[in-house]
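Subject: A structure for you to look at

Hello,

Here is the protein I promised to send you. Have a look at it first, and then read on for what turned up.

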Amino acid sequence: MRIDRFLWFVRLAKTRSAAQAIAEKGHLRIDGRPIDRAHCPVRIGNVLTFAANDEVRVIRVEALPSRRGPAPEAQACYQDLIAGRTPPGTIRDPASE
């Protein structure tokens, strides 16, 4: 599935054009690799890292949605790897969670 469609289907972007802009700015990474094209494929198990609302989001793709459905259905397609908010300047240690 294309990365822009995935971001839009799982409601991480309000519009598909906003999802395309996120991908084309080069601030999105798939498994640590910078992405600069909206048509880059995303697969189950990929880890996506991108900035959203003044915070960094790290998610793992759990399923590929077939449509842009309701929020609970969309949230079931990915797992948030950094839960909660981290205060600025704080380094988060995943081993302590």
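Helices here are DSSP runs of at least four residues (H or I), strands are runs of at least two (E), and both are numbered from the N terminus. Please keep in mind that this is a predicted model.

The protein has three helices and five strands, and along the sequence they come in the order α-α-β-β-β-β-α-β. There are 97 residues in the protein, and 30% of them are buried. The exposed surface comes to about 6,300 Å², with 50% of it supplied by carbon and sulfur atoms. If you take the contacts between residues at least 6 apart in sequence, 35% of them join residues at least 24 apart.

Next, the charged pairs. Side chains of opposite charge can pair when their charged atoms come close. How many salt bridges does the structure hold? It holds five, and I will take you through some of them.

One of them joins Arg16 to Asp4, with 3.2 Å between the closest N and O atoms. This pair links distant parts of the chain, since Arg16 belongs to helix H2 (residues 16-24) and Asp4 to helix H1 (residues 3-9), twelve residues apart. Is Asp4 buried or exposed? Asp4 is buried, because its relative accessible area is 0%, while Arg16 is partly exposed at 31%.

Another salt bridge is formed by the side chains of Arg57 and Asp80, at 3.3 Å from N to O. Here too the pair links distant parts of the chain: Arg57 sits in strand S4 (residues 55-61) and Asp80 in strand S5 (residues 78-80), 23 residues apart. Arg57 has a relative accessibility of 16%, so it counts as buried. Asp80 has 32% and therefore counts as partly exposed.

Glu62 and Arg60 make a further salt bridge, and their closest N and O atoms are 3.3 Å apart. Salt bridges that share partners also join Arg2, Asp4 and Arg16 into one network.

Now find Arg29, which lies in strand S1 (residues 28-30). Its relative accessible area is 39%, so Arg29 is partly exposed. Which residues does Arg29 touch, leaving aside its neighbours within four places in sequence? They are Pro34, Ile35, Val47, Leu48 and Thr49. Val47 is 18 residues from Arg29 in sequence, and their C-alpha atoms are 8.0 Å apart in space. A polar atom of the Arg29 side chain also lies 3.0 Å from the backbone oxygen of Gly32.

Rolling a probe the size of a water molecule over the atoms shows where empty space is left. The largest pocket has a volume of about 260 Å³. H2 and strand S3 (47-52) are the elements that give two or more residues to its lining. S3 gives the most, with three residues. Among the lining residues you will find Ala18, Ile22, Phe50, Ala51 and Ala52.

Happy exploring!

Terms used:
Residues are numbered from 1 along each chain as its sequence is written. This is a predicted model: local features need pLDDT of at least 70, side-chain atom pairs count only at pLDDT 80 or more; totals for chains, interfaces and linings use all residues. Side-chain values use heavy atoms; hydrogens and water are left out. Buried means under 20% relative accessible area, exposed over 50%, partly exposed in between (1.4 Å probe, protein chains only). Contact means heavy atoms within 4.5 Å. Accessible areas come from the Shrake-Rupley method with a 1.4 Å probe; for residues, only the protein chains shown count as cover. A salt bridge is a side-chain nitrogen of Lys or Arg within 4 Å of a carboxyl oxygen of Asp or Glu. A polar contact is a pair of N or O atoms within 3.5 Å; within protein, one must be able to donate a hydrogen and the other to accept it, and residues adjacent in sequence count only if both atoms are side-chain atoms. On a 1 Å grid over the protein atoms alone, a cavity is a set of points where a 1.4 Å probe fits but cannot get out, and a pocket is an open set with protein on both sides within 12 Å along at least five of seven lines; lining residues have an atom within 4 Å of a point. Grid points are joined across faces, edges and corners, and a volume is the space filled by probe spheres set on the points.
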